[in-house]
Amino acid sequence: MRVETITTVLDLVGVFINSLLGGSVARRRELDLFGYVVIGVVSGLGGGLIRDVLLGHGPPLALTNPLYIPIALAGAGVAFLLKFTEREWTRLFYVLDAVALSVWAVAGAQRTLAAGLAWLPAILLGTITAVGGGATRDLLVQRVPAVFGGNGLYASVAALVAALEVICSELGVPVAVGTPLAVVAGTVLRLVAYRRG
Amino acid sequence: MRVETITTVLDLVGVFINSLLGGSVARRRELDLFGYVVIGVVSGLGGGLIRDVLLGHGPPLALTNPLYIPIALAGAGVAFLLKFTEREWTRLFYVLDAVALSVWAVAGAQRTLAAGLAWLPAILLGTITAVGGGATRDLLVQRVPAVFGGNGLYASVAALVAALEVICSELGVPVAVGTPLAVVAGTVLRLVAYRRG
Amino acid sequence: MRVETITTVLDLVGVFINSLLGGSVARRRELDLFGYVVIGVVSGLGGGLIRDVLLGHGPPLALTNPLYIPIALAGAGVAFLLKFTEREWTRLFYVLDAVALSVWAVAGAQRTLAAGLAWLPAILLGTITAVGGGATRDLLVQRVPAVFGGNGLYASVAALVAALEVICSELGVPVAVGTPLAVVAGTVLRLVAYRRG
């Protein structure tokens with residue numbers, strides 16, 4: 001139960017950050033509050049919904065756990081209310097994006113292993129969880145998804161984080177140690193990748 | 001069983017209208033009969049397929065109920081055969097589109113509640129049912145989905161209709177009263193939104 | 001069990017060919033190895049994942065059978081390593097594409113019938129299996145999917161092959177006869193369609 005709680009908390013952190021970050025897309029398009037909500041829900045819940053549908057273990061967490069939809073709505077609402085200057089937003093965006101990518105890659109891998117699947121599907125679904133919501137949002141607003149726009153590093157960092165999580169799990173590293181390790185490593189890796197262009 | 005029958009009938013009405021309306025997209029692209037069929041099936045079955053996959057209760061209705069695929073094919077066939085002038089088509093399009101949006105929002109919300117999920121997922125899946133097929137079709141033919149093309153009202157009307165249905169259900173309003181109420185309210189709201197631009 | 005084995009082998013042949021063919025898209029975009037992997041996995045596993053999710057019978061084969069992901073990765077790796085001239089690639093592309101389309105249409109129809117669904121869903125899911133992975137890949141790299149780009153024949157060949165497979169199955173034709181028949185017929189049909197433009 002401990003692992004499940006950690007997975008769910010990570011998942012929800014990713015939901016909040018990603019629906020918040022979806023706001024930057026909504027802002028660039030000058031959408032109204034409802035536009036923020038649609039983009040926030042897609043960005044925040046898309047990756048986990050795709051993962052849970054692929055896992056095929058009944059209704060997705062985002063529909064059965066009563067926290068997911070409200071937290072995605074909250075992220076969209078905060079994004080709508082806060083008026084960052086472009087510069088602040090960009091810097092904040094990079095850090096939050098790196099954290100969200102990592103927590104979702106870890107949560108996706110954990111949940112796949114918990115469903116009894118092997119390590120390779122765990123890496124695949126960890127990656128899909130991490131990039132799926134953003135890619136769906138980008139598709140819907142007709143942007144080339146970051147994953148394919150010459151920014152292959154995005155998905156590769158997610159795959160590496162998921163792999164790290166799987167290795168920790170196979171080696172029997174306690175979740176309370178392996179999880180923060182994978183999240184921190186992923187965040188640093190992602191930020192270094194940003195810096196280097 | 002009464003509720004399920006009503007839900008299924010509404011769902012099928014939405015299937016027919018949406019595969020018929022998909023024809024206007026196929027016509028603009030000057031597709032052949034097979035193009036009408038592909039676009040009709042995506043438009044007519046897409047929303048319900050996405051909803052049922054997300055509900056995670058076994059194979060989607062569109063695959064197990066023997067009426068769904070034939071009705072979607074019939075809608076595509078009628079669209080291919082009828083030669084509306086552009087003007088008539090546009091006016092008819094608006095009314096049918098408003099009806100289809102509403103019946104699907106109601107059917108999606110009813111089916112989600114019937115699956116034992118809470119009111120917030122019911123509103124979400126009602127909205128997804130209503131806009132999912134059209135958005136998938138728009139994606140496949142590379143149009144910006146109406147939901148995101150500055151036409152936020154489309155999805156917001158669907159969400160309102162689904163919410164109205166959920167409220168009726170919570171208040172114990174009989175389905176035979178609440179359902180037509182929600183459908184009529186949604187149709188009117190959608191047509192007013194068209195008029196106002 | 002015999003049928004299931006044949007279905008799985010066909011499915012895996014389709015996975016390998018399609019992730020290999022995905023390489024031509026990755027090459028045109030001058031992607032790195034990781035780009036080949038992402039596009040190869042989407043092209044090779046997308047169609048089957050969509051089919052299995054729609055069938056609603058638990059986790060997709062691509063996640064539970066340990067061969068699917070490695071074979072998709074192998075196809076992507078081979079595509080990355082081999083340096084075909086454009087001309088050779090194009091000719092090879094056409095033949096392999098025709099074979100892959102046919103084996104997937106057959107495998108999709110067989111698997112749908114095996115899940116107890118009727119002949120019309122079997123044709124629909126056979127078609128979706130055959131065109132789903134390529135369409136998803138095209139969407140992600142922002143190309144108009146071949147299915148909709150004036151190339152309706154692509155999906156119609158898949159539908160015909162799936163229909164042929166369903167007819168063989170209904171008539172009680174042994175799988176060892178019906179399957180190669182449908183695959184050969186589909187490949188020839190597809191190549192003839194290419195020739196005629």
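**Reading chain A and the helices of chain B**

Tutor: In chain A, 54% of the 197 residues are buried, where buried means under 20% relative accessible area, exposed over 50%, and partly exposed in between, with a 1.4 Å probe and protein chains only. This is a predicted model, in which local features need pLDDT of at least 70 and side-chain atom pairs count only at pLDDT 80 or more, while totals for chains, interfaces and linings use all residues. Residues are numbered from 1 along each chain as its sequence is written, chains are lettered from A and ligands numbered from 1 in the order in which they are written, and side-chain values use heavy atoms, with hydrogens and water left out.

Student: How many helices and strands are there in chain A?

Tutor: Chain A has 8 helices and 0 strands, where helices (H or I, at least four residues) and strands (E, at least two) are DSSP runs numbered from the N terminus.

Student: What describes two packed helices?

Tutor: Two packed helices are described by the angle between their axes and the distance between the axes. The axes are lines fitted to C-alpha atoms, for helices over the stretch in contact, and angles run from 0 to 180 degrees between N-to-C directions. In chain B, the axes of H2 (residues 33-55) and H6 (residues 119-140) come within 7 Å and cross at roughly 135°. H2(B) and H6(B) are therefore oblique to each other, since angles under 35 degrees count as roughly parallel, over 145 as roughly antiparallel, 65 to 115 as roughly perpendicular and the rest as oblique.

Student: Which residues of H2(B) and H6(B) meet?

Tutor: With contact meaning heavy atoms within 4.5 Å, the residues of H2(B) that meet H6(B) include Gly46(B), Gly47(B) and Gly48(B), and their partners in H6(B) include Gly132(B) and Gly133(B).

Student: At what angle do the axes of H2(B) and H4(B) cross?

Tutor: The axes of H2(B) and H4(B), the latter spanning residues 68-81, come within 8 Å and cross at roughly 130°. H2(B) and H4(B) are therefore oblique to each other. Among the residues making this contact are Leu33(B) and Tyr36(B) of H2(B), and Tyr68(B) and Phe80(B) of H4(B).

Student: Is Gly116(B) buried or exposed?

Tutor: Gly116(B) counts as exposed, at 62% relative accessibility, and lies in the loop between H5 (86-114) and H6 of chain B.
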